[in-house]
Amino acid sequence: MARYLEISDANMEDGSIRVDVNVSVRRRRNDPDSNDDDATTKSTSVSSERTEIKNLNSLRSIRNAIKYEKERHGRYLDGVVGAEKVERETRSWDEKLNKTIVLRSKESLLDYRFMREPDVLPIVLTDEEIELARNSVREMPKAALERLKNLGVSEEHAKFLSLHPSSVKYFDDIVSLCVIDASVFPSLSKEDAKSVANFVCVEIVGALRDAGVGTKGKPPFLGIESKTNLLPERVRDVLKSLRVHKTISGRMAKDVIKLLARNDSRSIDEILEQELGGSLIQNNNDSGKENPTKEKSIGSADEEGEQNLDATCQSVVQDLAEEREAIKKNPKVFGAFVGEVMKRTRGRADPKQVSATLRKLLDEY
């Protein structure tokens, strides 16, 4: 909430938020004067004084400080010989010694000396002013989480994105651009939203980490425009190449994203030609569409001329004679055919098209 209201970046490790913890332990004990056989046996309780641990700056420190104080109070209440007396006091947590240390004692609540500020007049807010302030507040984390889940984003990715307002905005910007460009998403379905979230949370976050841009504990997409070329518009272009033009495969999309994460300013087409050996090899029989680019033969090392995916797959099936026989008894051998096609096409073939074409050819033998 602090992040969404832009009050603080809320990074505990940087000291942006510190926590004070109050600990007191209560023990329940049976009344020694009561009848042990009586189902209504009375019990008494004894409590330790409250101690306050100041300025904890991590969840681990909070957990360890509470655990230490709980054990320290317990030893005192149980009358363990040599146990430290528990008094009302303020303590700090020493990370090196793994224990709390006394800062000051609190003899009574009067030490706080609460009093009104005489120079500040009472502030009375009308219902209209309260409503106006409420309506001016941006979307809060819980609302963002629910909205993302309703769009179709998985629980895991919705929690990750809603952790930082900049992450929600980055996702929303990409989706909005894809919806505006109706060729990418004619209408946003839950499956579309889920696929974009997966692409953002897995592929882009991984690429940022590999490029040394992402920092653990920091908003992953904050300032991404100045550090990388992964602008929402560029991500939209990658998704368009993947989903609409079908000039890249999922594997190639990952490679493009990795280059953009390193602030590569080249166009998608330039990256494909200069780094990935050209666009995706299409099967000429696929939906009656023509391949937008002409590819050099890569069916075998010595062939020349132009060759489509169908011819490459046919060449692989013919070459792998032993595998053709083995697959009749072991269907898992099919992976060898797919792997060989991907190897010969240098990863530029669509695995789904490869599988469909190979199965058709193998059925003919």
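**Exercise 1.** How many residues does helix 9 have, and how far does it reach from its first C-alpha to its last?

*Solution.* Bear in mind that this is a predicted model. Start with the residue range: helix 9 covers residues 250–261, which gives twelve residues.

**Exercise 2.** Find the buried residues of helix 9 and say what covers them.

*Solution.* First, apply the cut-off: buried means under 20% relative accessible area. Met252, Ala253, Val256, Ile257, Leu260 and Ala261 are the residues of helix 9 that pass. Then look at the cover over these buried residues, which includes helix 6 (190–210), helix 7 (224–227), helix 8 (232–245) and helix 10 (268–275). Last, step just past helix 9, where asparagine 263 takes a positive phi of about 70 degrees.

**Exercise 3.** Work out how strand 5 pairs with strand 4 and with strand 6.

*Solution.* Begin with strand 4 (residues 51–56): its pairing with strand 5 (residues 89–94) is parallel, over four bridges. Threonine 51, for instance, has glutamate 89 as its bridge partner in strand 5.

Now turn to strand 6 (residues 99–105), which pairs with strand 5 in the antiparallel sense over six bridges. Here threonine 90 is opposite arginine 104 of strand 6. To finish, check the connection: strands 5 and 6 form a hairpin with four residues between them, and asparagine 98 in the turn has a positive phi of about 60 degrees.

Definitions and conventions. Residues are numbered from 1 along each chain as its sequence is written. This is a predicted model: local features need pLDDT of at least 70, side-chain atom pairs count only at pLDDT 80 or more; totals for chains, interfaces and linings use all residues. Side-chain values use heavy atoms; hydrogens and water are left out. Two strands pair if DSSP finds at least two bridges between them. Helices (H or I, at least four residues) and strands (E, at least two) are DSSP runs, numbered from the N terminus. The expected span of a helix is 1.5 Å times one less than its number of residues. Buried means under 20% relative accessible area, exposed over 50%, partly exposed in between (1.4 Å probe, protein chains only). Contact means heavy atoms within 4.5 Å.
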